[in-house]
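Q: Can you walk me through this one? I'd like to start with the charged pairs and then go on to the core and the sheet.

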Amino acid sequence: MSTVAVVPGSFDPVTLGHLDVIERAAGLFDEVHVVVVHNPGKEAMFPIAQRVTLLEQAIAQAGLKGKLVVTSWSVGLLVDYCTDVGASVLVKGIRSQVDVAYEQPMAIVNRNLAGVETVFLLPHPANAHVSSSLVRQVAALGGDVSPYVPPAVADYLAKSELP
C-alpha cells in the first residue's frame, strides 16, 4: 500500500526552504501533493494560480524526483483535500519553537477530524532563517532575494513591479 502525503503552504513565494521540505518528503513517501492553500490570516502578494506556476517551475528547475502533484486548495478544510486524494500524512517544515507552537494545535485537530497525521521536518541549517514574508519584504525594498528562492522566483520577482 502506498503512502500519500500532502505538503501544504501559501508558497507566497516558494523558497529554497520549501523546496528542501518537498524534496525530503518525496524521498519519504510514495506520492506527494504540494498544495498551495489560501491563508485567510495573510494577505497574499501573488494570486494562487501564479504561486502554483512558480512552484511547478521551481520543482522542474530543481529536478526533484518522485511522484509530485502540484495543485491548489482554497475552499474547505485541508483534511478534506487529504481525504479526497487518500493522503494520510501532512508534512510541515518547522524553523523554530514559534512554528511548533503554531502548528501543534492544527496537527491535533487534523488528526481528530480525519485521522491525518502531521510529520514535522526541520529545515536544512542554510534555510532555517528563510520565510516567504522575509523574501517579500526584501524584494519589496529592492534587495537581492536570489540566495533564498529558486531561480524561477528570483527571475519573476526581478521582472515584477512590487508594491
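**Salt bridges, core and sheet**

A: Asp-99 has a relative accessibility of 14%, under the 20% limit, so Asp-99 counts as buried. This is a predicted model.

Q: Which residue does Asp-99 form a salt bridge with?

A: Arg-95, with the closest N and O atoms 3.1 Å apart.

Q: How many salt bridges does the structure hold?

A: Seven. One of them joins Arg-51 to Asp-12, where the closest N and O atoms are 3.9 Å apart. That pair links distant parts of the chain, 39 residues apart: Arg-51 sits in helix H2 (residues 48-62), and Asp-12 in the loop between strand S1 (4-9) and helix H1 (16-28).

Q: Why does Arg-51 count as buried?

A: Because its relative accessibility is 5%, and buried means under 20%. Asp-12 counts as buried too, at 3%.

Q: What else does the Arg-51 side chain reach?

A: The backbone oxygen of Phe-46, at 2.8 Å. Leaving aside neighbours within four places in sequence, Arg-51 is in contact with Ser-10, Phe-11, Asp-12, Val-36, Val-37, Ala-44 and Phe-46.

Q: Which residues are linked in a network of salt bridges?

A: Asp-12, Arg-51 and Arg-136.

Q: What about Lys-92, which residue does it form a salt bridge with?

A: Glu-103, and the closest N and O atoms of that pair are 2.6 Å apart. Lys-92 is in strand S4 (residues 89-93) and Glu-103 in helix H4 (residues 97-114), so the bridge ties together parts that are 11 residues apart in sequence. Both Lys-92 and Glu-103 are buried.

Q: Switching to the nonpolar side. Which residues of the largest core touch the most other members?

A: Val-7, Phe-11, Ile-22, Val-34, Leu-55 and Val-91, out of 31 residues in that core. At least two core residues come from each of S1, H1, strand S2 (31-37), H2, S4, helix H5 (132-140) and helix H6 (151-159). H2 gives the largest share, five residues.

Q: What is Ile-22 in contact with?

A: Val-7, Phe-11, Val-34, Leu-55, Leu-64 and Leu-68, once neighbours within four places in sequence are left aside. There is also a second, separate core of 11 residues, which includes Leu-78, Tyr-81, Cys-82 and Leu-90.

Q: How many bridges join S1 to S4?

A: Two, and these strands run parallel. In one of the pairs, Ala-5 has Val-89 in S4 as its bridge partner.

Key: Residues numbered from 1 in each chain as written. Predicted model: local features only at pLDDT ≥ 70, side-chain atom pairs only at ≥ 80, totals over all residues. Heavy atoms only, no water. Salt bridge = Lys/Arg side-chain N within 4 Å of Asp/Glu carboxyl O. Helix = DSSP H or I, 4+ residues; strand = E, 2+ residues; numbered from the N terminus. Buried < 20%, exposed > 50% of the residue type's maximum accessible area, 1.4 Å probe, protein only. Core = buried A, V, L, I, M, F, W, Y, C linked by side-chain atoms within 4.5 Å. Contact = heavy atoms within 4.5 Å. Polar contact = N/O pair within 3.5 Å; in protein donor to acceptor, adjacent residues only side chain to side chain. Pairing = 2+ DSSP bridges.
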